[in-house]
Structure formats: C-alpha cells, structure tokens
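Me: I would like to go through this model in a few questions. Please start with the term needed for counting contacts.

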Amino acid sequence: MPEAPAPSSAPEQPRTLPLVFDEPRGRRKPPRHLADLTPAERKELVSGLGLPGFRAKQLSTHYFGRLVEDPAEMTDLPTAERDQLVAGLLPPLMEPLRTLETDKGATRKTLWKLFDGALVESVLMRYPDRATMCVSSQAGCGMACPFCATGQGGLQRNMSTAEIVEQVVAGARSLARGEVAGGPGRVSNVVFMGMGEPMANYKAVIGAVRRLTDKTPDGLGMSARGITVSTVGLVPRIEQLADEGIPVTLALSLHAPDDELRDELVPINNRWKVHEAVGAAWRYAERTKRRVSIEYALIKDVNDQAWRADLLADVLTSYGDWGWVHVNLIPLNPTPGSKWTASRREDEREVVRRLQAKGVPTTVRDTRGREIDGACGQLAAQ
Ligand code: SAH
C-alpha cells in the first residue's frame, strides 16, 4: 500500500485529501478459492485434504480450461472426493444480481453480489475481432476523481484475486456457451477499468494477472498483451509493475497536462505530480517495450482547450518521440450530479489535430455501454 499523503506544511495546501488506501481491519476475508492460489499451493492444499495431489490439476482443468460451472460435470472425479475438492477450493464467490444488455447484446453489464454483500460490476464488450472484459478490482474506489461515479461512493473494500478472476471466467463461460450476440467465442482482452484503483490493490491484481496469463490449465492462458491495467498514477506501484516481468499494457489516467487542473480532476495528483506520473509511465514503456496509453476524458471547457492539447503533446514528447505513448481521448460520460459534460465535437477534433500535429498518436475511444451506465466512470453498482 502506498503511504497516505504526507501532511503538507505549505500554507497554500487548501484541503485534506479524501483518499483511502487501507481498508478497515478485522473484516471477514473472501473465501479462499482455487484462483487465489499458485499451482504449487493448490497441490499442497489438496494433499493437505488427504487427497492425491494430481486432483489439483484436474480441478484446475475444469475451472480454467473447460470453464465448468456445475461440479456434476466433473465426472472424472470420484463423487466423495469431488465434494471435498469443491468445498475446499471452489466456494461460491459471487452471485449475478442483474445483467443489462445494449448494442444488440454485444455489450453486457453484470452486477455482482460478493460473499459479504459488497456490489461490483463488470462489462463484457464484443467486437468483430475481439471480446474485452472490463473488470472491477475494488468494491468502490478511494481515489475520489470528481467526474467518476465510482469515486463518489468511496472505497468499500479490496477484492481478492479469485473475485477478480471470476469476473473473467464468468464472461468466458457466457462467450463459450454462445450467450453473447455473435456466436460462441472467447475473451481476448481484459481491462482493469471497472470499479476501483487496481494499483491500490496491487497484490490481488498481480495475482489475477498471473492467473489470466498462466498457461491452461494453471490459468486462462491469455496473452499479457491483451491485458491493460489502468491507474490514476500510484508511482511506486507503476515502478513495481515494471519489475514484474509481465508485459501488460499500462494506461495512465492523466486527464490534464498541468498540476493545477490535475490536482482537481485526479486528487492523487496532490501526492504524485504530472511529471512524476508521466515519468513513471515513460520508464514503464522503456522497461517493458510496451506502448503506454494516456487516458484523457474530454470535459467541456475544463480540459479541452487548444493550449492544453499543445501542452499535453509537449509534456509527452519531452520524454522522446520513439512511439512510447499514445493518447486515448474519452468523451466524458455523464454521471449523476456531475456539473461537467463532454466536449463539443469541434473542440474534440481540435485536440486530436493538435496532438497529431506534434506527432502524438491519438485515438478517440469508441465508448460502449453508455445506455446501461456501463461506460467508463459510470459503474456505481446501484
Ligand atoms: N482507477 C483506474 C480505473 C478507472 S476507470 C483509473 O483511474 O485509471 C478507467 C478510465 O475511465 C479512467 O481513465 C477514468 O479516469 C475514466 N473515467 C472515469 N470517469 C469517467 C467519465 N465519467 N467519463 C469518461 N471517462 C471516465
């Protein structure tokens, strides 16, 4: 966990930060699950139950490989052992309360109730050439970005590795069963852009990334290139991620190129400034050879001025122009009670033009799920 921001002695520091990193102690932990454990830990646990160690691999094959949901389908396991294995390693983690669909069924948002009643949401987006699962890593979020619905409710708790993985497995099951418009398919991409700040739940998120990328049947066998971890910019965690040796794509939620505005839009900027966050992103790109994505929600008359677009390009290109970065502009999605709206089309176009003119690859995100409050920043689990 990063340390809480140090109290500043500077008299001009106007406010205390509503940032929450640590959850209350003494809470019940989510049930232990196969997906929380490494293959070696699974084997050890199964042996501890007095069962042959190879059962761990069989169980993993059912969960990660065949995406089995109903234990009755695990017919290669003797009934008595199966009950023991399922009780010990496949406890129920979450229950779907509601699924909303849009885009003729190609976008599906699911509201999940976790074991302790905490609510989270995940979104499955099907495209002609890929299927992306947008997952939550925390119930709520402590980062308090004023334009994000999740940020308004504060942090309830961190999710466990298995709770994060289970969202992807659930999406993989729906796709495999052909429940999603477009016929049977598989999850090709996972983005940590649902509820929560993934870098504030670092250990569980890295565990989940490992389960997603471990070869089947140890994990889901996905490519790290298909996984994006999005962060407000917890600098020490970005540095740590670069050292993990898993080349996931890093997305940095910048939203402003100058500290004055970013202090307001992304309050963690009061702790790690624009140059520190962008510097960490640049080092990540250098270390992993993965192009970093800079997220920038375009907010009308707030951060969409031509001079800010120029400044953004200058800040990014000051680290070099070897293609280490690209900018992903997100038209602001409406959230309850927010005074802000999306930029005018002509201002959006001008921002794109100015960034590209200075050689910064720029795209505007094709936002999905707005009709079902399933787009970026709209997940409130209500
Ligand atoms: N905590 C992570 C993941 C959050 S969601 C992070 O901040 O990066 C992914 C992206 O959606 C972030 O860039 C976030 O800033 C952005 N976002 C939040 N609210 C939004 C809104 N109302 N409209 C558009 N994008 C939004």
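Reply: A polar contact is a pair of N or O atoms within 3.5 Å; within protein, one atom must be able to donate a hydrogen and the other to accept it. The model is predicted.

Me: How many residue pairs are in polar contact between domain 1 and domain 2?
Reply: The chain is divided into domain 1, residues 34–89, and domain 2, residues 94–372. Counting residues with both partners at pLDDT 80 or more, the number of pairs in polar contact between domain 1 and domain 2 is nine.

Me: Which residues of domain 1 lose the most area to domain 2?
Reply: Domain 1 and domain 2 bury about 1,300 Å² between them, with 56% of it on carbon and sulfur atoms. On the domain 1 side, 42% of the buried area comes from three residues together: Tyr63, Phe64 and Leu67.

Me: What is the N to O distance in the salt bridge of Glu69 and Arg173?
Reply: Three salt bridges are counted between domain 1 and domain 2. A salt bridge needs a side-chain nitrogen of Lys or Arg within 4 Å of a carboxyl oxygen of Asp or Glu. The side chains of Glu69 and Arg173 meet in a salt bridge with an N to O distance of 3.9 Å.

Me: What share of the ligand's area does the protein bury?
Reply: A polar side-chain atom of Ser253 lies 2.5 Å from a ligand oxygen atom, and a backbone N or O atom of Phe147 lies 2.9 Å from a ligand nitrogen atom. Taken alone, the ligand exposes 530 Å², and the share of this buried by the protein is 97%.

Technical notes:
Residues numbered from 1 in each chain as written. Predicted model: local features only at pLDDT ≥ 70, side-chain atom pairs only at ≥ 80, totals over all residues. Heavy atoms only, no water. Areas by Shrake-Rupley, 256 points an atom, 1.4 Å probe, with all protein chains shown as cover. Domains from an automatic or database assignment. Buried area = accessible area lost by both parts, 1.4 Å probe.
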